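Hi everyone, thanks for making time for this. Please have a look at the structure on the screen, and then I'll walk you through a few places in it.

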Amino acid sequence: MVRQMLMLQFRADASTLQIQQALGEFSALARLIDGIRSIGLGANMHPENLAKYLSHGVLVSFEAVPAQDHYLIHLDHRALKQALVPLLADLLC
């Protein structure tokens, strides 16, 4: 298994609805792209306040490296990137 972790900071002007839609589209990739085992995501709620400024996290689990490679070039992933990146102030992978 291979995992990819993303930490996101949405722009201050991104609405709650835009954030929810973007995260929903991210979650949907698990049904759309072969080789994804699971996608977990949500608000960064670390109880020790170690989140720094990153507000959300995404963990994508793949069957193997070829599945991750397939995901990176998949049209649905590219479409998500086009919708998501303009909403972000920062992204850490």
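Let's start with Gln-4, which touches Val-58, Leu-59, Val-60, Phe-62, Gln-68, Tyr-71 and Leu-72, not counting residues up to four places away in sequence. By touching, or contact, I mean heavy atoms within 4.5 Å. Before going on, a word on where this comes from: it is a predicted model, in which local features need pLDDT of at least 70, side-chain atom pairs count only at pLDDT 80 or more, and totals for chains, interfaces and linings use all residues. Residues are numbered from 1 along each chain as its sequence is written, and side-chain values use heavy atoms, with hydrogens and water left out.

Back to Gln-4, which is found in strand E1. Is Gln-4 buried or exposed? It is buried, with a relative accessible area of 14%. Here, buried means under 20% relative accessible area, exposed means over 50%, and partly exposed is in between, using a 1.4 Å probe and protein chains only. As for the element names, helices (H or I, at least four residues) and strands (E, at least two) are DSSP runs, numbered from the N terminus.

One of the partners of Gln-4 is Gln-68, and Gln-68 sits in helix H2. Gln-68 is buried too, at a relative accessible area of 16%. If we leave aside neighbours within four places in sequence, Gln-68 is in contact with Val-2, Gln-4 and Phe-62.

Leu-72 also belongs to helix H2, but Leu-72 is partly exposed, with a relative accessible area of 37%. Not counting residues up to four places away in sequence, Leu-72 touches Gln-4, His-77 and Arg-78.

That brings us to the helices. In general, two packed helices are described by the angle between their axes and the distance between the axes. The axes are lines fitted to C-alpha atoms, for helices over the stretch in contact, and angles run from 0 to 180 degrees between N-to-C directions. Angles under 35 degrees count as roughly parallel, over 145 as roughly antiparallel, 65 to 115 as roughly perpendicular and the rest as oblique.

So how do H2 and H3 pack? Helix H2 (residues 65-73) and helix H3 (residues 75-84) meet at an angle of about 55°, and their axes are 5 Å apart. H2 and H3 are therefore oblique to each other. On the H2 side the contact is made by Tyr-71, Leu-72 and Ile-73, and on the H3 side by Leu-75, His-77 and Arg-78. By class, that contact has four nonpolar, one polar and one charged residues. For these classes, Ala, Val, Leu, Ile, Met, Phe, Trp, Tyr, Cys and Pro count as nonpolar, Asp, Glu, Lys and Arg as charged, and the others, Gly among them, as polar.

H3 has another partner, helix H1 (residues 16-32): the axes of H1 and H3 come within 10 Å and cross at roughly 175°. H1 and H3 are therefore roughly antiparallel to each other. Among the residues making this contact are Phe-26 and Leu-29 of H1 and Asp-76, His-77 and Leu-80 of H3. The residues of this contact divide into seven nonpolar, one polar and two charged.

At 31% relative accessibility, Asp-76 counts as partly exposed. Beyond residues up to four places away in sequence, Asp-76 touches Leu-29, Leu-32 and Ile-33.

Next, a pair of glycines. Gly-57 is in strand E3 (residues 56-62), and Gly-40 is in strand E2 (residues 36-43). Gly-57 is buried, with a relative accessible area of 14%, whereas Gly-40 is partly exposed at 36%. Gly-40 and Gly-57 are 17 residues apart in sequence and 8.2 Å apart in space, C-alpha to C-alpha. Leaving aside neighbours within four places in sequence, Gly-40 is in contact with Gly-57, Val-58 and Leu-59.

I'll finish with the contacts of Gly-57 itself. Again leaving aside neighbours within four places in sequence, Gly-57 is in contact with Leu-6, Met-7, Gly-40, Leu-41 and Gly-42.
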